[in-house]
Amino acid sequence: MASVTTESTAAPEPSPPTVSHQELLERLRGRMRGAPPTKAAKNWVAGSKGAYLLYGAALHGAARQEAGLELTYLEACLVQGLRAFAETDEEIAGFGRVYREEDRSALFPDCLAQRPIEEGYDRVDLMRDLADLAEEIAAQPNIRVIDLDAPKASAADAKRAREEYAQAKAAYGYGSTLVTASQHGYQEGQTVDFPNINVRVVLDYFTCHEESDEWSESDELFWTMCAAADHGTKRTSHTPVYGSIDKGDLYRMSPKPVLFDGTVKKCLVASIEAWEKDHGSGAEIASKLRELERNLYETADTLSYIPNPAGWKNMPVFLALGALIAARVGEFVNAMKDDYIDHNDLTFDNGALMAMHTGPYAVDFIGRKQWGNKEGDFTLVLRAESLSFAPGKLVDTLPALRDYDHPYGFLSACAAPGSSEELWLFKGDEYVKYNVRTHTKTVHTTKSLFPNLPSDFNWSGLCGICAVPDSATEVYFTDTLGVNVVRYDVVSKRIVEGPSPMRSMFPGLPFDFRIDTHSICRVGNYNSLYFFNDTAGTRTYDLNHNESHGERPVHEKWPAVAGTSLRKPHVCNMPGSTNLLFRYGLDCAVVPLVML
């Protein structure tokens with residue numbers, strides 16, 4: 001590993017980091033007449049006008065502000081972002097005048113180009129127009145989805161995909177990536193949200209594949225970054241300047257720069273820019289970038305209203321929304337005087353953040369050779385350094401329980417066999433039948449579900465209960481002490497096996513789990529079960545071979561619950577997905593099946 005030198009960037013450089021205001025106005029006039037973003041741009045592809053919807057809405061707001069009109073909430077946020085390019089209200093008004101004077105149809109879609117300045121533009125207009133433009137935007141090769149849980153591509157395929165995406169970004173001037181993790185995140189059919197995630201994402205290390213064509217023998221490199229989550233946390237920062245960067249070297253970043261540190265509900269939107277040190281400092285550019293962080297938050301907040309994030313990767317409208325931010329940041333970097341290398345605009349769902357806690361995510365920054373310069377080739381590695389759940393309340397996760405008497409006294413629960421919507425929660429001699437899609441409930445006696453049991457069976461409370469894998473009608477359940485177990489068909493209302501001691505039905509189960517099991521649940525779609533108790537934690541049981549293995553404390557298998565009340569939970573499967581519901585007293589959380 002090579003050494004790296006860092007240079008303090010606290011003191012601003014005398015030269016401003018952006019090109020002059022007059023030059024920016026001339027560039028805007030050129031763009032609205034069909035010219036490329038800069039004179040250096042070669043092989044430029046104009047792409048979808050819809051991708052510039054946010055940029056156009058900002059200029060529309062600037063024109064309305066110059067005319068003395070009251071701005072909508074969206075316009076006010078976007079006009080604030082223009083302060084990344086303008087120091088004063090008069091300079092912002094200059095952008096508005098160019099927008100008003102020129103033919104807007106060359107750069108912006110008709111829904112905005114033909115809109116009178118007198119009419120405001122708000123989020124409802126944005127989402128309506130985006131729905132019409134989404135497929136066109138999302139179909140561009142500079143818009144992509146990365147699944148961190150997908151099978152690893154071959155070296156040749158990975159290299160080809162890397163180069164093709166870099167070429168597409170260079171041609172269009174921006175790129176947008178939705179990062180997900182299909183095995184960690186939301187499942188198709190999931191109707192109950194994960195709890196909020198507290199996460200700290202850092203820049204871990206970077207590698208240099210190719211140096212720039214600067215006159216010096218080694219590169220001087222720094223990053224600026226801006227991130228915002230749907231929970232409201234925003235952060236803009238910059239790294240030191242890393243000097244003595246040579247081809248083929250790997251550089252550990254110490255201390256690790258922080259991209260984001262806060263709470264995420266469903267998604268985190270981030271923009272990271274790589275620069276070759278020239279005129280300005282990281283601090284100056286970051287101060288300009290900070291004006292755009294509100295725009296990133298608005299994007300994340302909009303994404304959080306999607307009812308089923310598992311479908312994000314299939315929804316052009318939300319891929320397109322990420323593209324709008326990317327195009328917006330593209331305009332920002334074109335206004336900077338420093339040698340810009342590349343920028344990446346990323347949307348992480350919470351599944352991706354969970355996956356990044358155990359494995360890093362690599363982001364490529366490849367200089368725009370197609371634009372006539374050679375600005376280097378680097379890979380930056382991100383990692384979720386710390387991640388934990390913020391448990392919610394059972395009555396918030398299952399709100400129909402709010403009017404149920406003592407909703408926290410449930411001893412056990414299970415996903416109903418053969419149902420993708422129904423959850424059963426047991427307490428004493430009654431149980432609640434809960435629909436997780438409609439959030440409605442009915443209350444029944446436990447004996448009505450399990451008639452024909454022996455009279456001496458302990459009914460004071462069922463302990464562990466779960467649907468039998470590969471059966472749409474059968475369940476396992478234990479008595480109150482977790483000692484005896486029954487296999488029961490809830491449709492024919494008959495005992496299939498038992499009651500019998502745990503050691504008879506599950507002979508491969510160790511002693512601790514034969515007498516103290518309080519929860520049983522299926523392991524995804526496999527013919528296996530998880531057994532839980534308070535002393536040993538959890539153990540996996542293979543029904544095909546009657547063998548058990550993998551005994552671990554719960555907080556080691558699911559590190560995100562460490563330090564919370566859910567480290568010793570009662571557990572059941574969630575209907576319609578492979579996720580689990582962890583409960584302890586008043587607290588609960590929907591937890592992914594896979595280890596974090």
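Helix 7 is followed by Gly-173, whose phi is positive, near 90°; helices here are DSSP runs of H or I with at least four residues, strands are runs of E with at least two, and both are numbered from the N terminus. The model is a predicted one, in which local features need pLDDT of at least 70 and side-chain atom pairs count only at pLDDT 80 or more, whereas totals for chains, interfaces and linings use all residues. Residues are numbered from 1 along each chain as its sequence is written, and side-chain values use heavy atoms, with hydrogens and water left out.

Helix 7 itself has 18 residues and reaches 26 Å from its first C-alpha to its last, close to the 26 Å expected at 1.5 Å a residue, where the expected span is 1.5 Å times one less than the number of residues. Within helix 7, the residues Tyr-165, Ala-168, Lys-169, Ala-170, Ala-171 and Tyr-172 are buried, a word that stands for under 20% relative accessible area, with exposed meaning over 50% and partly exposed in between (1.4 Å probe, protein chains only). One of these buried residues, Tyr-165, has Arg-144 lying over its face, at 3.7 Å from the ring centre; a charge counts as sitting over a ring if NZ of Lys or CZ of Arg is within 6 Å of the ring centre and within 35 degrees of the ring normal.

On a 1 Å grid over the protein atoms alone, a pocket is an open set of points where a 1.4 Å probe fits, with protein on both sides within 12 Å along at least five of seven lines, and lining residues have an atom within 4 Å of a point. About 1,100 Å³ of space lies in the largest pocket, the volume being the space filled by probe spheres set on the grid points, which are joined across faces, edges and corners. The elements that give two or more residues to this lining are strand 2 (143-147), helix 7 (155-172), strand 11 (339-349), strand 12 (361-366) and strand 13 (375-390), and the largest share, nine residues, comes from helix 7. By residue type the lining divides into 22 nonpolar, seven polar and 10 charged, where Ala, Val, Leu, Ile, Met, Phe, Trp, Tyr, Cys and Pro count as nonpolar, Asp, Glu, Lys and Arg as charged, and the others, Gly among them, as polar.

Helix 2 can be read in a similar way. Its 14 residues should span 20 Å at 1.5 Å a residue, and the end C-alpha atoms of helix 2 are 20 Å apart, which agrees. Because 12 of the 14 residues of helix 2 are buried, this helix is largely enclosed by the rest of the structure. Just after helix 2, Gly-68 takes a positive phi of about 80°.

The structure holds 24 aromatic pairs, a pair being two rings of Phe, Tyr or Trp (its six-membered ring) with centres within 6.5 Å, counted as stacked if the planes are under 30 degrees apart, edge-to-face if over 60, and tilted otherwise. Among them, Tyr-55 and Phe-108 form an edge-to-face pair, at 6.2 Å centre to centre and 65° between the planes. Tyr-55 lies in helix 2 (residues 53-66) and Phe-108 in the loop between helix 4 (89-101) and helix 5 (110-113), so the pair ties together parts that are 53 residues apart in sequence. Tyr-55 counts as buried at 8% relative accessibility, and Phe-108 is buried at 0%. The rings of Trp-424 and Tyr-431 have centres 6.0 Å apart and planes at 70°, so this pair too is edge-to-face.

Finally, the backbone has some particular sites. Cis peptide bonds join Ser-254 to Pro-255, with omega about -5°, and Gly-498 to Pro-499, with omega about -5°; Pro-255 lies in the loop between strand 8 (250-252) and strand 9 (258-264), whereas Pro-499 is found in strand 22 (residues 494-501). Asn-452, although not a glycine, has a positive phi of about 70°, and is exposed, with a relative accessible area of 60%.
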